[in-house]
Amino acid sequence: MSQIRPALLSYSTMNLGDDLQTVATLPFLPHPAHSFDRDTLALQQNEGTFIILMNAWWASYPENAFPPASCFLPVFIGFHISSSSASYFSQPHCIAYLKAHGPIGCRDLFTMKMLQQWGVEAFFSGCLTTTYEKREKIPETGKVILVDTARVNYLIPASLRQDAMALTHMFNGDPDTREKAVNDLLNLYRTTASLVITTRLHAALTCSAMGIPVVFFFRPEDPRASTAAQIGLPIYPYLLNPPAWLKKWLKKFRLFDLWIRYEEIYFGLRYRFIKQINLTPAPLDFENHKVGLRAKTTAMIDAILHRLA
């Protein structure tokens, strides 16, 4: 077998949360030789042999992404199958590949239970973004950072929004500048944030791991939500899930704006009179989780390399 080289997943999506997952793999596979687009991993033709961590959301184009080409040695940790791609992954050739490369470390309980139902050995690992190192210094004059909060700004007091920095994880720049954009984003969180308020899962996980206080708006019923619950991060719902017949009716009569207004009234009253949002949370401490996940990831990599030695 040719020399085994470390590789990274790369992305052509707009969401920089994907990249935050890849950066989190660097301590485990340093000095990567190449990067490969997640959504074309099955189409790669390369004479080399690459070990790659599968810590990601799978997948925008599953038929082009999975199973990975034969040049890859996959390490399944932090693996998430989207509900929209579940039917593809349930096909026999995908299940056979997963069984051959198990056990599968799943980012969330949804993926773990689904794989177990298919007869695949799987466990709940969580996401490698929860293993980012705590920042060494808290900024003396830090800023509140709002990350993709347009739908929840009405729940954030004007006193917090007034001097806050608003940003997005959606990337529209030149692909050649994407890596710099991700590193700049991480540096901004690390050196500037006194509080992060977000609807983005990987902003919440990454910043929590860095020791930054986080207020996280999300849907608790979302299949990905268990990743946040695993580290003790509170989730504040901000969306309602109308039944299918109502969605059809809202779409037919173009009344989604009215539905959004209803959601705002509902959650505005809920958080005012029933359960208040803690806008001064303490940083989370889940160092034991980090130690365990790092050790498990390293052991999985070592086991694969040992089998091939």
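Contact is taken here to mean heavy atoms within 4.5 Å. The model is a predicted one, in which local features need pLDDT of at least 70 and side-chain atom pairs count only at pLDDT 80 or more, whereas totals for chains, interfaces and linings use all residues. Residues are numbered from 1 along each chain as its sequence is written, and side-chain values use heavy atoms, with hydrogens and water left out.

With neighbours within four places in sequence set aside, Phe216 is in contact with Thr198, Thr199, Arg200, Leu201, Ala204, Ala228, Leu233, Pro234, Ile235 and Tyr236. Phe216 is also among the residues with the most contacts inside the largest nonpolar core, which has 47 residues; such a core is a set of buried Ala, Val, Leu, Ile, Met, Phe, Trp, Tyr and Cys residues joined through side-chain atoms within 4.5 Å, buried meaning under 20% relative accessible area and exposed over 50%, with partly exposed in between (1.4 Å probe, protein chains only). Helix α8 (residues 201–209) contributes the largest share of this core, 6 residues, helices being DSSP runs of H or I of at least four residues and strands runs of E of at least two, numbered from the N terminus. A second, separate core of 34 residues includes Ala7, Cys71, Phe76 and Met112.

Ala7 stands opposite His34 in β2, and β1 (residues 4–10) pairs with β2 in the parallel sense over 4 bridges, where pairing requires that DSSP find at least two bridges between the strands. An open sheet of 4 strands, with parallel pairing, has the order β2-β1-β3-β5, and its edge strands, β2 (34–37) and β5 (72–75), each pair on one side only.
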